[in-house]
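Visitor: I am new to this structure and would like to be walked through it. Please show it first.

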Amino acid sequence: MIRYEQTEGFDRFDDVFKDFQAEPVTQINQNGQTFLFTTANKVGLKIDIYRADILRFRYTYNGQYERDFSYVLSEQFQQQTTELKVSETPAQYCIQTEKLSCFVSKTDLKVSILNKDGQVVLEDAEPYRARTTIHKGLIEVNITKKVAKGEKYFGLGDKSGSLELSGQKLQNWNTDAFGFSKDSDPLYRSIPFYYGLTNGLAYGIFLHNTYRTHFEFNLESEGKTSFYAEGGEMDYFFFYGPSLESVAQSYHHVTGTPELPPMWALGYHQCRWSYYPESRVLELAEQFRSQDIPCDAIYLDIDYMDGYRCFTWNKDFFPDPKAMIDALQEKGFQTVVMIDPGIKADDGYWVYDEGIEQDMFCKRTNGDLMIGPVWPENCVFPDFTNPKVRSWWEDLYEELYAKQGIAGFWNDMNEPAVFKVNSYTFPDEVMHDMDGEPNTHPRAHNIYGHQMSKSTYDGLKKHKPNMRPFVLTRATFSGGQQYAAVWTGDNLADWEHLRLANLQCQRLSISGFSFVGTDIGGFAGEPEPELYLRWLQLGIFHPLFRTHSMGNNEDGASLVDSEVVKLAEAFNRLDQEPWSFGEETTEHARTAIQLRYQLLPYLYTAFWQNAQEGKPILRSLSFEDQTDEKCLEREAEFLFGDHIIVSPVLESAQKGQLLYLPKGKWYHYYTHESKEGGRISAVSLQMDHIPFFVRAGAVIPHYPVQQFVGQLKITNIKLQIFAGEATSQLYLDAGEGYDYTKGDYTLRTFKVQEMQIEQQIAGTYEGDLQSFDIELIGWKEVKNIHIDGQQQEFEQVGGIVRFSAFAKFQSIQID
């Protein structure tokens, strides 16, 4: 099919568009678990059966498939041997696994997928289509699916709109989106993965394509959902649940799970643009300790560098960096610094000189260097799609990391961002190596930050192989969760952005990026005390717990060479430390941060579950009960780990709010009042906390309050056990290093029944733990407690039963 478009006043056409769709199938070939369908006009389909519930679909419009190369797929992802049955009718072919039947039309390659019960899970509404032009070549590859009655959609990563995606038209193109709004799209990251939920059955689609991609979810209720890319191959994975959690785990199986982070990275982080000079940084550290407010990490933004030259220090501000870093470490602080991809084009600057000599920087199609403004007026940019460049980049971290003691790195501006141009990024006519198959920027753009953070991560592992890296990145792509944490970018200090922060972290977590947080209090603007406090209280339950702000910009006044200083002037504001908003707010902030440190063993266990199983740490209520319409609709409440539901305060001056709890019994963490789920409930609000609820039967472990991770030897953990029936886990290891991969960990599984608590212990890690202080909450009247058959003394005060137990107890009987 050919369509022509003509510009008025000219006899020639601007361009010629040609669409390709399949003609009837002429041949099918099977090679193990791979099926190749060929049609009369060379449009083809390749189906790979990776597992009984994971299928991959790849299309060609010209008979040639792209090389099977990926920056995204996990190295551990392997095809599993699956029993298959293949059959055909006059109209279609059928490939059957133990869980699914995949039907392919002989007429036009349209696909339908049914589960083993014969229920339709997903089917094409239109055949695959590719579009080319004379000027640009391939410009679109498209798949359109039918929308089932009542079907809902979730995921897609870095989006600021409603959690449920129906009616939304979205795209993925990593973008420097300062001050974004609920309607802004695209944002900083590209995660082309979404969930569908139809008739209680969940599935997932991952579009394995790094070009700019588009998703249209049942626009105007037209009964069609489309996803398409502006180049490359139509290559997508289908994951069958039937639960949303199973889909999440399958997606992680394909794109990778992260390693466990160092335990200190789960503490509180303080950041600002910018803290300097050295005396200011040390003063900040002393303020945290004197205020008795826990903190594990202090960040240095771009002004620690010598004139924005990455991997250097401004010696006027930081005359002896190692001495400062050592002094911070003695107080329990880790130092994290920013590294950008924009390398200042400056003869005599060693990174620039090395890169020029070794041909490490991106070039235009005519061979000229890609030079553009970021913080320096003229920057060049490493080509992270070149393995030689990645190896070089890894070694640039050696001095800061291995010799000076920097603990973590913050990769910013890596969309890649370029100032002063409307596109905010490189022009299309920039070349990238793409690991030996060179191509232009549209193919490399969305993977650029992903490969930068991977190079950073690999460099840290190379230079300190016995330490767990901590990398924070702004831009990334699917699979980037293996290498770096993320935050939601340059937000604003207003209540709307607090609401967006709640939505974005839920969505990013279920889209693979569990290690996620926001700039607490807002990056730009001045939060009122209540807004900062409510944001901090929400941040307790975000895996990355970091305050970051634009600052009052007196420290950042050196940015006279950048137009971005205008933004700073527009948002001139106060400091944003926990003690910056008056005594009452300081006390509440201290309480909030202390609670985070108490909940560290619970959170660390959730990180272990994410690393082992791909279970998202934050989950929308739909993950708790995907058959409950209210759970599918609610956006404010979310699950934190296995057993906690959080109801954040997202509006000012509220004395109470309504919330929804899924079916079952839940206990208010503070009042211990029990509530039956499956209904809207009212809860009163206090300034010193936001309400959260614990599942009946859950065991919630608590550390003692520390000023930083590792300050205390943890010989005793408090277990709060809520009456009911449930199974809980507690994972412990050294919190650093890789001995846990050799079995040096402890996994404790607690099974709570009506009158009995059982513990099973796996692993060899001993640590310092000797005992538990146990609080039973929700038991009415307790007469006797026996631990492993021995009667135990206890006290019962205000409805709470307290007693102690050895850490290796096996059974507690309650009478």
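Visitor: In which strand is the place of Pro127?

Guide: This is a predicted model, in which local features need pLDDT of at least 70 and side-chain atom pairs count only at pLDDT 80 or more, while totals for chains, interfaces and linings use all residues. Residues are numbered from 1 along each chain as its sequence is written, and side-chain values use heavy atoms, with hydrogens and water left out. Helices (H or I, at least four residues) and strands (E, at least two) are DSSP runs numbered from the N terminus. By that numbering, the place of Pro127 is in residues 120-133, strand E11.

Visitor: Which residues does Pro127 touch, not counting residues up to four places away in sequence?

Guide: Contact means heavy atoms within 4.5 Å. Asp176 is 49 residues from Pro127 in sequence and 35 Å from it in space, C-alpha to C-alpha. With residues up to four places away in sequence not counted, Pro127 touches Gln21, Asp108 and Lys110.

Visitor: What is the mean pLDDT of the protein?

Guide: pLDDT is the predictor's confidence in each residue, from 0 to 100. In this protein 95% of the residues reach 70 or more, and the mean is 95.

Visitor: Over which residues is the pLDDT below 50, with 33 contacts beyond near neighbours in sequence?

Guide: Where pLDDT is low, the predicted coordinates should not be read in detail. Residues 6-10 have pLDDT below 50, and beyond near neighbours in sequence that stretch has four contacts in the model. The stretch with 33 such contacts, also with pLDDT below 50, is residues 553-565.

Visitor: How many residues does H7 give to the lining of the largest pocket?

Guide: On a 1 Å grid over the protein atoms alone, a cavity is a set of points where a 1.4 Å probe fits but cannot get out, and a pocket is an open set with protein on both sides within 12 Å along at least five of seven lines; lining residues have an atom within 4 Å of a point. The largest pocket holds about 840 Å³ of space, and of its 32 lining residues the closest to the centre are Ser74, Glu75, Gln76, Thr257 and Gln482. Helix H1 (244-255), helix H7 (441-463) and helix H12 (600-613) each give two or more residues to this lining. H7 gives the most, and its number is five.

Visitor: What is the volume of the largest cavity?

Guide: Grid points are joined across faces, edges and corners, and a volume is the space filled by probe spheres set on the points. The structure holds eight cavities of 30 Å³ or more. The volume of the largest cavity is about 320 Å³.

Visitor: Which elements give two or more residues to the lining of the largest cavity?

Guide: The lining of the largest cavity has 21 residues, and Glu66, Phe69, His208, Thr210 and Arg443 are the closest to its centre. The elements that give two or more residues to it are strand E6 (54-60) and H7.

Visitor: How many residues of the lining of the second largest cavity are nonpolar?

Guide: Ala, Val, Leu, Ile, Met, Phe, Trp, Tyr, Cys and Pro count as nonpolar, Asp, Glu, Lys and Arg as charged, and the others, Gly among them, as polar. The second largest cavity has a volume of about 220 Å³. Its lining has five polar and two charged residues, and the nonpolar number is 14.

Visitor: Which are the edge strands of the sheet of six strands?

Guide: Two strands pair if DSSP finds at least two bridges between them. The open sheet of six strands has the order E33-E34-E35-E40-E37-E38, with antiparallel pairing. Each edge strand pairs on one side only, and the two are strand E33 (618-620) and strand E38 (674-676).

Visitor: What is the bridge partner of Asp773 in E50?

Guide: Strand E46 (residues 771-777) and strand E50 (residues 800-806) pair in the antiparallel sense over seven bridges. In E50, Asp773 has as its bridge partner Ser804.

Visitor: Where is Pro186 found?

Guide: Most residues other than glycine have a negative phi, and most peptide bonds are trans. Asp185 and Pro186 are joined by a cis peptide bond, with omega about 5°. Pro186 is in the loop between strand E14 (169-172) and strand E15 (193-198).
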